[in-house]
Every structure is written in C-alpha cells, then in structure tokens.
Amino acid sequence: MKTFEKILLKNMEQPGYAGSLAEYERAGGYQALKKVLGRVPPADVIDTVKQSGLRGRGGAGFPTGVKWSFIPRDHPGPRYLCCNADESEPGTFKDRQLMERDPHQILEGMAIACYAIGAQTAYIYIRGEFRLAATILERAIVEAGRAGHLGADIHGSGVTVNVYVHAGAGAYICGEETALLESLEGKRGKPRTKPPFPATHGLYQQPTVVNNVETLANIPHIINRGGAWYAAIGVPPKSPGTRIFCLSGHVKRPGNYELPVDATFRDLIDDLGGGMRSDKPLKAFIPGGASAPFLTPEHLDVQLDFESVARAGSMSGSGGVTVMEDGTSMVWAALRLMEFFYHESCGKCTPCREGSAWIVQILQRILNRQGRPDDVRTLEDICGNIGGRTVCAFGDAEIAPVQSTLKYWRSEYEALIAEAGALNAGRKDIPVLSVS
Amino acid sequence: MRPVSGGVAGGMVFDKHRDFIAELLTRYPVKRSAILPLLNLAQREEGCVSQAAMREIADLLDLTPPQVFETATFYTMLSLKPRGTFHVQVCRSLMCALVGADDLLAWLRAHLEPGADGATADGRFTISTVECLGSCATGPMMQINDDYYEQLTRDKVGRIVNDLKQTGDCALKSGPFMMPERK
Ligand SMILES: Cc1cc2nc3c(=O)[nH]c(=O)nc-3n(C[C@H](O)[C@H](O)[C@H](O)COP(=O)(O)O)c2cc1C
Ligand code: FES
C-alpha cells in the first residue's frame with residue numbers, strides 16, 4: 001500500500017494524546033475557526049467545502065457543501081445544525097472514537113458549519129448508551145467556551161454558536177435524520193416524509209443541517225488546507241478524501257483505520273487488519289455496515305470509494321466492514337442482522353414493520369430445520385414488497401442482508417430446507433414459531 | 001421559570017435538580033425537547049421511569065402525562081419497571097456474535113441464574129440482550145449501567161461479576177476508545 005497522510009486520526013495516534021483543549025490547540029486546533037470568523041464570508045466557506053468534494057460520512061454520501069448551500073439565505077428565523085452522533089448501525093464505531101479521543105476536532109467543525117449556514121444553536125444528538133463520549137463532549141464544550149471558541153461573540157467576531165449535547169435513549173432509527181429531529185423535539189423517533197427536507201423545514205420547522213460526526217470533523221482541515229487539497233486525495237472528483245473504516249469480525253486486528261478511498265478492501269483487511277484470524281479463508285464481508293449487501297472474496301480488490309462499492313452491487317454506507325470466515329452460516333448471519341432490524345423498526349410503515357417480523361420468522365424456521373419448500377420464494381417476495389415502499393431508507397436497508405445472501409449463497413438456504421423436508425416428511429402440523 | 005413542583009408526587013423526583021432543570025430549559029426554544037433529558041435523569045435517579053416522574057415531567061414542560069408516556073415508551077433504554085442494581089446488557093448483534101457473544105451470554109445466564117424477567121432473585125443483576133453498542137472491534141462486549149466492558153472472555157466476565165458483587169464497582173471497565181494494537 002502506498003503511504004498517505006492521516007487527517008482525522010492523526011492527532012489521536014500521537015502517543016499520549018488525550019484530546020484536551022491544550023493538546024488540540026498545540027496541534028493547530030481552532031486555527032481554522034479563527035481564520036474564517038469575520039474574515040471569510042459564509043458563502044465562501046460553503047464554496048470551499050463544495051470545492052473539497054467532501055461527502056457525508058453518515059451513510060448516504062451526500063455532498064456536504066451542497067447540503068449547506070440549500071439553507072435559505074433570506075430566512076428570517078433561526079437555523080440549526082445537528083451533529084448526528086447516533087452511531088447505531090451494527091459494525092460502525094468510528095464516531096465514538098472521534099468523540100472520545102479528539103472532541104475538539106468535532107466542535108471546531110461544528111462552529112465553522114454554524115457560521116457557514118448562519119446557525120447560532122447546534123445540538124449533538126448522541127445515542128444514549130454513549131455516556132462516556134457524552135461526558136467527554138460536555139467537558140470539551142465547557143473548555144472551548146472558556147477559551148472563547150464557542151458561545152457568544154466568538155473571538156470578538158460577533159458570531160454566536162452554542163453547542164449542546166442531547167442524549168437519545170436507545171433507538172437505531174433516531175440516526176435517520178428526520179427521526180432524529182422528531183426525537184430532538186421530544187417525540188417518538190419516527191421518520192418524517194420528505195419533502196419538505198430539513199434544509200427548509202427541519203428542527204422546529206426551521207432550516208436545519210444534519211451532518212455526521214466524521215463529516216464535521218473533516219471541516220477544520222479543509223478550511224486550513226483548502227478545498228483543492230482535499231479534492232486531490234482519494235478518488236477525485238466524486239469520492240475525495242480519507243475515510244475511517246471500522247473493521248470487525250474474523251480478522252486479526254479489528255479496529256478503526258483511516259485510509260484514502262483509493263485503497264482496496266484487500267489493503268484494509270490484509271495489510272491493516274492483519275488478515276484472517278485463523279487459517280480459515282474469508283467467505284464473505286459486509287462493506288458498509290449492516291445495511292449494505294454482503295460481498296464475496298471476488299470483491300476484495302474493489303476500491304473503497306462510494307462508486308466502486310456501488311458498482312460491485314453494495315454500498316460504502318457507514319464504513320463498517322465486517323469480515324466472516326469460512327464456516328460462517330450465511331443464513332444465520334442474515335438472521336442475526338434481520339433480528340436487529342426487526343427490533344429497531346419504528347413501526348410507522350406497514351411493509352417494514354410486518355415484513356421484518358415475517359422475514360425473521362422464516363429465517364428462524366429455515367435455520368431450525370423447519371423450512372418449507374417455497375420459503376426462498378416467499379423471502380424474495382417479502383423483500384420485494386419492502387424495498388422502495390417505506391418512508392425512510394430503513395426498508396431498503398433491512399432487505400440487504402437477505403437479498404444478498406440469497407444471491408451468493410442460495411444453496412445454503414436450499415440445503416437447510418432440503419434437510420427440513422427429509423426430517424419432517426409426513427408431518428401434518430405446520431410449525432409456528434414465535435419471534436423472540 | 002415555574003417552580004419545580006406539581007403532579008401527584010409533589011415534585012419529589014426532580015427537587016434536587018432544580019438548577020440543572022432551569023439550565024436545561026434554556027437550551028431549547030420548545031420545552032418539549034427536554035423530555036428525553038428528563039426521562040434519562042428520572043431513570044438515573046429512580047432506576048426506572050415512574051408514573052410520578054412522568055407526571056412531573058408533564059407538569060414541567062406543559063404537556064399531558066400521556067404525551068410523556070408516548071415518548072417514553074418508544075425508547076428501549078427507558079424502563080417503566082425497576083431493574084436490578086446492575087443492568088447487564090450483552091450485545092448480541094452480528095459482529096459480537098461472530099466473536100463469541102452467544103457463548104458469553106449462555107455462561108452469564110448459567111452463572112447468575114436470572115428468572116424469566118432477566119433479574120436475579122436478590123435483585124442485584126438484570127441481564128438483557130441489546131443490539132450493537134458501537135464497540136464491534138472489541139467484542140464480545142457488554143454495558144453494565146453506564147460502563148462498557150470490552151474484549152470479554154469467560155474469565156473476565158467472572159471477575160467483573162465478582163467485583164460488582166463485592167465492591168459495587170469494577171476496574172475492568174473501558175476508558176476512552178481502545179485503539180487497535182499496531183504491529
Ligand atoms: C435507518 C437509518 C439510520 C441512520 N443512522 C445514522 C447514524 O447513526 N449516524 C449518521 O450519521 N447517519 C445516519 N443515517 C443517515 C442520516 O439520515 C443522514 O443522512 C446523515 O446523518 C447526514 O449526514 P452526512 O451528510 O454528514 O452523512 C441513517 C439513515 C437511516 C435511513
Ligand atoms: S455488534 Fe456488538 S458492539 Fe457492535
């Protein structure tokens with residue numbers, strides 16, 4: 001693998017770096033904020049971010065500068081920034097590291113984003129389980145406020161930015177941006193129908209930008225070093241930059257690895273992750289969190305950028321890469337993920353609510369050697385009736401594990417069903433299993 | 001601000017948090033936004049979200065108790081029923097399951113022998129399974145109350161349970177994010 005410079009994990013990988021304000025400032029922190037406040041017009045800040053080509057790291061990969069530019073300039077009321085720190089996609093754990101090890105990098109990015117879109121108030125919506133990260137962020141906000149980097153009249157510029165940590169209470173769906181807004185408004189976290197989009201009707205129906213933690217952490221660096229600098233890294237012009245990939249599963253060295261997206265899955269898994277944990281070869285991997293379709297060893301040389309992964313039939317999503325060794329049952333793996341989606345479906349849309357329960361039941365009975373001959377067809381039929389038929393992208397996400405394992409490992413399903421046929425021949429009762 | 005009182009319980013749950021609540025309400029232009037922070041606080045105070053707490057929150061935020069109930073029942077971390085002193089939440093999602101979460105859960109259950117509701121007879125432990133806690137590279141893992149415990153083995157879990165029984169605390173809990181060891 002060629003050498004490259006880390007952007008986001010650079011500070012925290014210095015021995016002893018603990019993410020205090022003093023350390024962050026010593027590493028050049030808050031210079032970007034000082035550089036723009038009162039000196040560079042907000043529209044120019046947005047242009048720089050546009051020029052960088054930075055795309056959202058929360059899953060959808062929407063160009064960040066473009067998103068910011070959708071905030072109406074002439075809006076008379078308040079605007080809001082929400083930092084999405086819900087990080088609940090199974091296989092994803094990069095935001096937690098960013099928050100716990102270098103919180104000021106995120107806060108500086110947020111302050112700059114607020115300045116660019118004209119927001120005075122920003123909320124960090126953090127999943128309730130991340131108590132340690134929330135405490136670290138709260139402490140960092142106080143520190144930054146005392147140093148004049150946040151609060152009223154930042155560094156005498158007249159700009160005010162107040163940042164608050166808002167903890168959720170356990171619900172994956174609150175990572176979906178409109179569900180996040182509902183939850184922040186004190187309601188059940190159910191996604192809203194779009195349009196209207198948050199850019200015009202977001203938090204309290206005011207113009208709002210929702211950005212992922214990692215997205216915002218990139219901002220100070222882009223401001224410091226320029227849009228063109230960032231745009232030249234990775235796979236320009238569509239997928240520039242580095243990304244943090246969360247490596248988990250049957251590898252020797254699981255963990256977070258930042259690398260430019262022109263690297264391949266093989267670089268990530270073999271070079272950085274140290275390869276498989278035992279002599280069992282790789283059987284399957286998920287390239288972008290639980291919502292991304294499974295891929296096979298044939299896809300190891302695919303590049304990590306959004307387009308390449310999409311061309312391979314999956315998605316780069318949240319950057320969670322999960323590796324599975326030979327011997328892992330794909331029906332079992334699909335069921336585990338499906339149980340997650342069943343548990344987390346918010347219940348708003350019928351296809352997702354009912355469909356997830358049916359899929360879990362069918363997968364459970366296939367795995368318990370009670371599958372029926374037409375179960376594979378039924379699964380395909382249910383999946384086909386969920387995708388594209390729900391208010392938010394959760395519906396498309398939950399069918400990914402089932403559809404992709406059916407695509408590549410259909411014989412595993414069929415073998416289990418054949419076993420059931422032999423085992424249960426002559427039985428008249430139809431086994432009914434309850435969803436756990 | 002209105003005095004922190006009212007509801008049937010006469011403001012008992014939040015009385016000692018008056019200053020925090022006053023500050024909390026300044027963070028949002030719409031009071032209802034303070035529901036989750038207050039529900040989380042109530043659970044921290046009482047171990048669960050009581051009817052009295054929900055009434056008090058309604059009172060504080062100019063809502064009806066059913067509105068608070070409606071929100072409270074959406075979120076899995078909030079419990080309307082009391083739980084054990086130590087709420088042991090074992091992650092069962094795929095990434096942890098790939099590295100042995102099921103084995104650990106089975107061991108914990110065999111060792112602590114919880115009842116059907118997940119609670120041990122002495123009320124000290126409640127065992128639940130949870131979905132991914134954002135710690136998949138250091139699995140199998142579990143959260144006990146606020147603390148994460150990662151890279152678990154049977155031995156380690158045994159020590160954690162013992163420590164908690166004996167001292168109410170355990171030094172094996174995780175600090176800030178573990179980096180992967182580099183070679
Ligand atoms: C079901 C679902 C869950 C999501 N969970 C998260 C999450 O935990 N964190 C996150 O940043 N984005 C999540 N997203 C994506 C957000 O809706 C949104 O696109 C993102 O926060 C925008 O930020 P970005 O442009 O910086 O990526 C989720 C989307 C869906 C449909
Ligand atoms: S799967 Fe267990 S923490 Fe992510």
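Me: Leaving aside neighbours within four places in sequence, what is A:Asp326 in contact with?

Reply: Welcome to this predicted model! A:Asp326 is in contact with A:Lys280, A:Pro281 and A:Lys283. One of these, A:Pro281, is 45 residues away in sequence, while the C-alpha atoms of A:Asp326 and A:Pro281 are 5.6 Å apart in space.

Me: Where does A:Asp326 lie, and why is A:Asp326 called partly exposed?

Reply: A:Asp326 lies in the loop that runs between β10 (320–325) and α13 (330–344) of chain A. The relative accessibility of A:Asp326 is 38%.

Me: What makes A:Arg410 and A:Glu380 a salt bridge?

Reply: Their side chains meet with N and O 2.8 Å apart. The cut-off is 4 Å between a side-chain nitrogen of Lys or Arg and a carboxyl oxygen of Asp or Glu, so the pair at 2.8 Å qualifies.

Me: Which salt bridges have buried partners?

Reply: Here are two. A:Glu129 pairs with A:Arg127, with the closest N and O atoms 3.0 Å apart, and both residues are buried. A:Glu185 and A:Arg192 meet at 2.9 Å, N to O, and again both are buried.

Me: How many salt bridges does the structure hold over all chains?

Reply: The count over all chains is 40.

Me: What makes A:Lys67 a polar contact of ligand 1?

Reply: An N or O atom in the side chain of A:Lys67 is 2.8 Å from an oxygen atom of ligand 1. A polar contact needs a pair of N or O atoms within 3.5 Å, so A:Lys67 meets the cut-off. The backbone takes part as well: a polar backbone atom of A:Gly58 is 2.8 Å from a ligand 1 oxygen, and one of A:Val210 is 3.4 Å from a ligand 1 oxygen.

Me: How much of the accessible area of ligand 1 does the protein cover?

Reply: On its own, ligand 1 has 610 Å² of accessible area, and the protein covers 89% of that. Ligand 1 is surrounded by 19 residues, with A:Asn84, A:Asn212 and A:Thr215 among the closest. Strand β4 (residues 208–212) of chain A gives the most to this shell, with 3 residues.

Me: Why is A:Tyr204 called buried?

Reply: Its relative accessibility is 14%. Buried means under 20%, so A:Tyr204 counts as buried. A:Tyr204 lies in the loop between α8 and β4 of chain A and has a positive phi of about 50°, although it is not a glycine.

Me: What is the form of the peptide bond from A:Lys194 to A:Pro195?

Reply: That bond is cis, with omega near -5°. Another cis peptide bond joins A:Pro195 and A:Pro196, where omega is about 0°. Most peptide bonds are trans. A:Pro195 is found in the loop between α8 (177–184) and β4 of chain A.

Conventions. Residues are numbered from 1 along each chain as its sequence is written. Chains are lettered from A and ligands numbered from 1 in the order in which they are written. This is a predicted model: local features need pLDDT of at least 70, side-chain atom pairs count only at pLDDT 80 or more; totals for chains, interfaces and linings use all residues. Side-chain values use heavy atoms; hydrogens and water are left out. Buried means under 20% relative accessible area, exposed over 50%, partly exposed in between (1.4 Å probe, protein chains only). Helices (H or I, at least four residues) and strands (E, at least two) are DSSP runs, numbered from the N terminus. Contact means heavy atoms within 4.5 Å. A residue is near a molecule or strand if one of its heavy atoms lies within 4 Å of it. A polar contact is a pair of N or O atoms within 3.5 Å; within protein, one must be able to donate a hydrogen and the other to accept it, and residues adjacent in sequence count only if both atoms are side-chain atoms. Accessible areas come from the Shrake-Rupley method with a 1.4 Å probe; for residues, only the protein chains shown count as cover.
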